[in-house]
Amino acid sequence: MTALRADGVHRSFDHPSGAVHVLRGVDLEVAAGELVTLSGPSGSGKSALVTLLCGFDQPDRGTVEVCGRSLTTPPPWQLCAVLPQALGLAGELTLAENIALPLRLDPARRGHPVGDAVDGLMAELGIDGLGDRYPAEVSFGQQQRAALARAVITGPKVLLADEPTAHLDRRSAPAAVAVLRRAADTGSAVLIATHHDLVHRAADRTLVLDNGIVSVH
Ligand SMILES: Nc1ncnc2c1ncn2[C@@H]1O[C@H](COP(=O)(O)OP(=O)(O)OP(=O)(O)O)[C@@H](O)[C@H]1O
């Protein structure tokens with residue numbers, strides 16, 4: 001079943017030196033249970049596309065659908081979770097509070113204990129013991145792993161990740177990839193923009209974004 005779909009997506013950015021036409025008719029589909037990687041040269045528009053696919057930005061033309069629902073505003077975390085390149089952790093919450101946030105915001109889980117899920121993901125990603133620190137008190141790679149835990153904790157229908165291993169070393173990257181792979185294996189449609197071979201090797205298939213369009217690798 002297709003969980004994420006883009007049809008004929010165009011996006012330009014105005015600039016004093018002339019419009020930058022980044023996406024020129026992107027079509028793609030990701031099914032539930034699939035892990036798809038998105039590669040492409042630096043500056044080809046991978047982040048711009050991820051931002052559109054999660055509803056943080058709107059296409060000039062074309063449509064994005066998450067689980068059959070056309071996106072005009074960002075959907076709830078449990079439907080579509082995103083790990084953006086800038087991470088977006090809340091600075092006033094501890095790492096554990098950041099990771100638990102999507103569960104606490106889900107009305108269906110209100111009142112349910114969240115500690116075991118948070119602790120389990122933190123241990124798996126090698127950031128256990130950092131739960132009571134604020135984002136500014138840990139490294140960027142540790143923040144990135146916390147943002148990954150926050151993205152997967154609800155078991156979202158669609159999971160988008162932009163360079164999720166960019167700040168991770170050879171020891172911590174495989175655990176992050178395993179968490180992303182398990183998200184797909186347990187039913188999420190996962191799309192990851194990445195330059196990292198380790199992530200591509202875990203994928204079911206790879207798409208390439210170049211010259212504004214997506215093609216099969
Ligand atoms: N607000 C903007 N105004 C003008 N151009 C922009 C704007 N935002 C992005 N761009 C341009 O859009 C293109 C796509 O940028 P984007 O960050 O999506 O690339 P990317 O493929 O994710 O790159 P990287 O792999 O380096 O992260 C770039 O050429 C960038 O210069």
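The buried residues of helix H4 are covered by elements that include strand S6 (80-83), helix H2 (95-104), helix H3 (115-124), strand S7 (158-162) and helix H5 (173-185). The model is predicted, so local features need pLDDT of at least 70 and side-chain atom pairs count only at pLDDT 80 or more, while totals for chains, interfaces and linings use all residues. Residues are numbered from 1 along each chain as its sequence is written. Helices (H or I, at least four residues) and strands (E, at least two) are DSSP runs, numbered from the N terminus; contact requires C-beta atoms, placed from the backbone, within 7 Å of each other.

Helix H4 itself covers residues 140-152. Its 13 residues should span 18 Å at 1.5 Å a residue, and its end C-alpha atoms lie 19 Å apart, which agrees; the expected span is 1.5 Å times one less than the number of residues. Eleven of the 13 are buried, so H4 is largely enclosed by the rest of the structure. Here a residue is buried if 20 or more other C-beta atoms, placed from the backbone, lie within 10 Å of its own, exposed if 12 or fewer, and partly exposed in between. Among the buried residues are Gln 142, Arg 145, Leu 148 and Val 152.

Two loop residues also deserve a look. Cys 67 sits in the loop between strand S4 (61-66) and strand S5 (69-70), and its phi is near 50 degrees, a positive value in a residue other than glycine. Most residues other than glycine have a negative phi. Cys 67 is partly exposed because it has 16 C-beta neighbours inside 10 Å. Glu 163, in the loop between S7 and H5, has a positive phi near 50 degrees and is partly exposed, with 19 other C-beta atoms within 10 Å.

Methods: Contact = placed C-beta atoms within 7 Å.
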